Amino acid sequence: MIYDDLIRQLLLGATGVVFLAFALWTLVKADAFAAVLGYKLDSNNSVSEFHAIYLGVFVAQAILCMVAALRVQDALIGDLVAIFLLSQPAGRVIAAIKRGWPSGLMALLFGVEIVAGLLVLGVRPTA
C-alpha cells in the first residue's frame, strides 16, 4: 500500500474528469458516443437509458470523485469510487461469460476500470 494524500487526490480527480468527459460527450454528441461503444440510439427508450447512465450516473460518479478528492482523509468516500469503478468490469465479466468479451473502446475501458479501481484502493490517505 502507498500512503499519500496527493496521489490519491490526483487519482480521484482524474477519474472524475473522465466520467465528466463521457457525460459531456453524451450531452453534445450522444449518437456518436453510442456508436463508438457499439450502441444504436434508435428509440426513445434507448436514448433515455443511454442518457440516464452516461449522463446522469456519470455526472453523479464525477461528483462522488470530486467529493472524495476534496475529503481525501475520509477513505470511505474514495473507496466507494473504487467500488463503483470495479463494479463495471465485474458486470463485464458476467456479460463475457454469457456472450463474449468486449472489443474496441469497451475492451480498453474494461482494463482501465480495473487498473483505476485497484489504484484508488492501493493508495490510501495518510491519516
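**Close-up views of a predicted model**

View 1. V28 belongs to a nonpolar patch on the surface, formed together with L20, L24 and L27. The accessible area of L20, L24, L27 and V28 together is about 390 Å².

**View 2. The aromatic pair of F19 and F58.** Twelve aromatic pairs are counted in the model. One of them is formed by F19 and F58, whose ring centres lie 4.9 Å apart. The planes of F19 and F58 stand at 80 degrees to each other, and the pair is edge-to-face. F19 belongs to helix α1, whereas F58 belongs to helix α2, which covers residues 44-70.

View 3. Ring pairs join F22 and F33 with F19, W25, Y39, F50, Y54 and F58 in a cluster.

**View 4. The salt bridge between D79 and R8.** Four salt bridges are found in the whole structure. In one of them the side chains of D79 and R8 meet, with an N to O distance of 3.1 Å. D79 is located in helix α3, which covers residues 75-98, and R8 in helix α1. These two residues are 71 residues apart, and their pair links distant parts of the chain. D79 has a relative accessible area of 16% and is therefore buried, since the limit is under 20%. R8 is also buried, with a relative accessible area of 1%.

**View 5. R124 and its surroundings.** R124 is part of strand β2, which covers residues 123-124. With a relative accessibility of 15%, R124 counts as buried. A salt bridge joins R124 to D79, the closest N and O atoms being 2.7 Å apart. Because R124 is in strand β2 and D79 is in helix α3, this pair ties together parts that are 45 residues apart in sequence. When neighbours within four places in sequence are set aside, the residues in contact with R124 are M1, I2, Y3, D4, R8, A75 and D79.

**View 6. The salt bridge between D74 and R71.** D74 and R71 form a salt bridge in which the closest N and O atoms are 3.4 Å apart. D74 is partly exposed, with a relative accessible area of 30%. R71 also counts as partly exposed, at 47% relative accessibility.

**View 7. L11 in helix α1.** L11 is located in helix α1. The relative accessible area of L11 is 23%, so this residue is partly exposed; the limit for a buried residue is under 20%. Not counting residues up to four places away in sequence, L11 touches L119, V120 and V123. A distance of 26 Å separates the C-alpha atom of L11 from that of A30, and these two residues are 19 residues apart along the chain.

Methods. Residues are numbered from 1 along each chain as its sequence is written. This is a predicted model: local features need pLDDT of at least 70, side-chain atom pairs count only at pLDDT 80 or more; totals for chains, interfaces and linings use all residues. Side-chain values use heavy atoms; hydrogens and water are left out. Helices (H or I, at least four residues) and strands (E, at least two) are DSSP runs, numbered from the N terminus. Buried means under 20% relative accessible area, exposed over 50%, partly exposed in between (1.4 Å probe, protein chains only). Contact means heavy atoms within 4.5 Å. Patches are made of residues with over 30% relative accessible area and no salt bridge: like charges are joined within 9 Å, nonpolar side chains (Val, Leu, Ile, Met, Phe, Trp, Tyr) within 5 Å. Accessible areas come from the Shrake-Rupley method with a 1.4 Å probe; for residues, only the protein chains shown count as cover. Rings of Phe, Tyr and Trp (its six-membered ring) pair if their centres lie within 6.5 Å; planes under 30 degrees apart count as stacked, over 60 as edge-to-face and the rest as tilted.
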